[in-house]
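User: Can you walk me through this one? Start with how you describe helix packing.

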Amino acid sequence: MQDRTRARALPDLAAQWFPSPGLKERIEATRGLFIALGDDALVREAFPRLRFHWMAKNIDGLWATAALDAADPNRRVGELLPEPTMASTGYRVLEVLYCECCGTQLLSGHKIPLTRAERDASPNPPRLPGKGGGAPVCYELTPGGARIEGLPEVTAETRTDAQPYRDVGVIWLVPPGWKAGPAEDYEWKQASEERDDKGNPWGRGDASWKPAWLDPRTGVVTIERRQSAGIDCLWFEATEPHAGPALGAMPQRCPSCLIDYSERRGGRSAPIRSFVTGLARTSHLLAKHLMGVLPEGSTRRLVAFSDSREAAANLAVGVEGEQWSHLLRVFLLREIRRRAMGASPRCRSDSWN
Ligand SMILES: [Zn+2]
């Protein structure tokens, strides 16, 4: 065991390589060493080969307390947090979503249906939440649920914007004095995520933004107009089609800019999405840059490992798809630049006249 090569943290090695200078100089010296190692000729001449592990964390969401900021009416969430936790400074923590068109922020969480009695903690509460008679009028939102279905055979989908409607609740906090437009502006037909060959959804369900209010301390959303302290919000509600495909959790109409994706046949099915860096995008970014710095030749290859066959297959097709889109962008930009730089004087004068 003692002869075995073991990985050590870079600051420890840097301290061993450059013991005398201060921390700042030591970091610069280590950086210089790595730049020198990138020089083929130099490496062949004098340096031993080094092997190192570089950890990169995939961002899997952004969380915030359920609160408004009086100083900034455009901000619809409270204190931001990098990790999910049940509460912070006495307020329920929920996942932050955003609209890719207008940038407004929404909050979401795993939803637990509650009847009015359960919310008010009646002396004879039913045994199971939401099963005590009467339709649920409230939902408690919690930061994330246990997504363990299908494990360990398949990889659990962890992105909130890929979850089904039955599991996730979405709210949009409205600032004081905010006035809603006509009711029909907030109603649409939510399309199922499953599509046929032509991109038509397999089913649709009535969907709307309902006036509601949130208790920021308990995370309970009550689907009615506010009668006591709390924050006014809009609640995304949909009716799942009978015996049809399940609806997705992300609203297909934004409550702020009213952009509607429900009739789209391609691309994203909803403008609302979570703050995540996709695994395929991150893997492609790493692969692209690593391939760029590896020496050319038959030895230039990368190996990706994954913890399940399904994840490995997704990773492979994801990186391939990202590379295709990336090349398309590169060639388009190159062609636009070539034409812009090489345009004849006649073309330029035509375009101005
Ligand atoms: Zn929007």
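Analyst: Axes are lines fitted to C-alpha atoms, for helices over the stretch in contact, and angles run from 0 to 180 degrees between N-to-C directions. Helices (H or I, at least four residues) and strands (E, at least two) are DSSP runs, numbered from the N terminus. This is a predicted model: local features need pLDDT of at least 70, side-chain atom pairs count only at pLDDT 80 or more, and totals for chains, interfaces and linings use all residues. Residues are numbered from 1 along each chain as its sequence is written.

User: At what angle do α5 and α6 pack?

Analyst: Helix α5 (residues 279-293) and helix α6 (residues 309-342) pack at about 65 degrees, with their axes 8 Å apart. They are therefore roughly perpendicular (65 to 115 degrees counts as that).

User: Which residues of α5 make the contact?

Analyst: L279, A280, R281, S283, H284 and A287 of α5 do, with L315, G318, V319, G321, E322 and Q323 of α6. Contact means C-beta atoms, placed from the backbone, within 7 Å.

User: Switching topic: how many residues are in the largest nonpolar core?

Analyst: The largest nonpolar core has 42 residues. Such a core is a set of buried Ala, Val, Leu, Ile, Met, Phe, Trp, Tyr and Cys residues joined through C-beta atoms within 7 Å; buried means 20 or more other C-beta atoms within 10 Å of the residue's own C-beta, placed from the backbone.

User: Which strand gives the most to this core?

Analyst: β11 does, with six residues.

User: And what does V221 touch?

Analyst: Beyond neighbours within four places in sequence, V221 contacts C138, Y139, L141, G169, I171, A212, L214, C233 and W235.

User: What share of the chain is buried?

Analyst: Buried residues are 24% of the 353 in the chain.

Technical notes: A residue is buried if 20 or more other C-beta atoms lie within 10 Å of its own, exposed if 12 or fewer, and partly exposed in between; C-beta atoms are placed from the backbone. Two residues are in contact if their C-beta atoms, placed from the backbone, lie within 7 Å. Angles under 35 degrees count as roughly parallel, over 145 as roughly antiparallel, 65 to 115 as roughly perpendicular and the rest as oblique.
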